Amino acid sequence: MPTPRRTFAAAAFLALVLPLSACGSGGDGGGSTDASGKVEGDITFQTWNLRANFKSYFEGVVDGFEKKYPGTHVKWIDQPAEGYADKISADAAGGTLPDVVNVSPDLVAPLAKAGLALDLDKAAAKYKSEYLPGAWASHQVPGLGGTYAFPWYLNTGPLFYNKSLFTEAGLDPAQPPKTYDELFADALRMAKKSDGKVATLANIPTIEDFGRYGVPLMNKEGTAFAFDDAKGVQLLTKYKELYDAKALDPQALTATPESSGKKFLTGAVAMNPGSALDLENFKKQAPSLYKNIGITDQITSTGHVNMYVMGVMVNSRTKHTPAAVAFAHYVTDAEHQMSFAKKVAIFPSTAGSLDDPYFTKEDGTDVTRVRVAAAKSLKTAVNYTPVLFSEQMKTALRNEVAKALQGKESPEEALDNAVKSCDQLLKQQG
């Protein structure tokens, strides 16, 4: 299953232009956009690395659907995490795309552009009110009207911090930074107090960090990127200051979520993003850290935290549109999302579900505290990563940010170059 910090931010297609003539699993010819007919027929449902841990759950979902709709048969297939985007690309190009597909927003974008993702605003508009507005909007593609997947499970998480490191730096462990200005000031103080041995942050800014800072990421038409504005330059300039002072870990340029997590575990960095899943790891792997763990909200200038979202897309070329839409909705309805959320540390995207006592009532444990806080923030959370922002674009931004931090380019030059590269890649997407 995709993890909160890594595979939730899924890999995008590698500049593959899908043929508009590609057919889905229904064979030659296109399917119907009318989902109002009788729910019947054989369909295929594909998930993303979920069989190993949730086999019985999904078998139960399939059995329940087939009992509710006699005359249907659902074939469930599961693909491994590695190479998932490439597998979808190959299926889309070869006409073997399943009827119902587990996707992330960046995976659905090229499929929607190629006419292979069913527009749910047309085919399933009656279900829209069942989902959180931000979650429903997460599978919309700039430049295209419509919504191209049902929102499924969500995730977000707090910032964890090491209280003992805050104390050693002369900072109040009960008052973690709440704003970017406070974060940057505390980070510089910690670096100075520790002679550069303790950094506060372990990661360079990503596109979602620019979004949280309040930087406009794209124009409204979705035809060009815009994160090289004055506010974007301001953020990167701050990070350059942190990097020079060793308040940003020196290895941040090549950091992965795993390496950053290890830095936090060993006390080399004072703050790190995470989720409720991480608390158990702290307890097992670093008991001394667990005793000193602080939990605070994501820092944002917009008032909206970042969320990761998964979706369930219907192949527009399916031969059984009513059954495929009904099943995609069934998997993602409030009852099934709530059931799934209690099996793993994720959150439902259905309206009202986050008001359930499971997500609102404290019981004195840190795990519940994180879950309750995350659920509250998700009601107004935003998926900052643009659906058109591919892996190649992420690499382009990362490379330019690295040049700025190393002093090879000014922050202005770096972001201008990143935007130019990303705009070129955007044009190649077609």
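The notes below take these topics in turn.

## Model and confidence

This is a predicted model, in which local features need pLDDT of at least 70, side-chain atom pairs count only at pLDDT 80 or more, and totals for chains, interfaces and linings use all residues. Residues are numbered from 1 along each chain as its sequence is written, and side-chain values use heavy atoms, with hydrogens and water left out.

The protein chain has an average pLDDT (the predictor's confidence in each residue, from 0 to 100) of 90, and 92% of the residues score at least 70. Over residues 1-29 pLDDT stays under 50, and the model has 100 contacts (heavy atoms within 4.5 Å) beyond four places in sequence for them.

## Helices α13 and α14

Helix α13 spans residues 321-332 and helix α14 residues 334-341; they pack at an angle of about 45°, with axes 5 Å apart. The two are therefore oblique to each other. Tyr330, Val331 and Thr332 of α13 make the contact with Ala334, His336 and Gln337 of α14.

## Second largest pocket

The lining of the second largest pocket consists of 18 residues; Pro142, Met218, Asn219, Tyr384 and Pro386 lie nearest its centre.

By class, this lining has 10 nonpolar residues, seven polar and one charged. Here Ala, Val, Leu, Ile, Met, Phe, Trp, Tyr, Cys and Pro count as nonpolar, Asp, Glu, Lys and Arg as charged, and the others, Gly among them, as polar.

Conventions:
On a 1 Å grid over the protein atoms alone, a cavity is a set of points where a 1.4 Å probe fits but cannot get out, and a pocket is an open set with protein on both sides within 12 Å along at least five of seven lines; lining residues have an atom within 4 Å of a point. Axes are lines fitted to C-alpha atoms, for helices over the stretch in contact, and angles run from 0 to 180 degrees between N-to-C directions. Helices (H or I, at least four residues) and strands (E, at least two) are DSSP runs, numbered from the N terminus. Angles under 35 degrees count as roughly parallel, over 145 as roughly antiparallel, 65 to 115 as roughly perpendicular and the rest as oblique.
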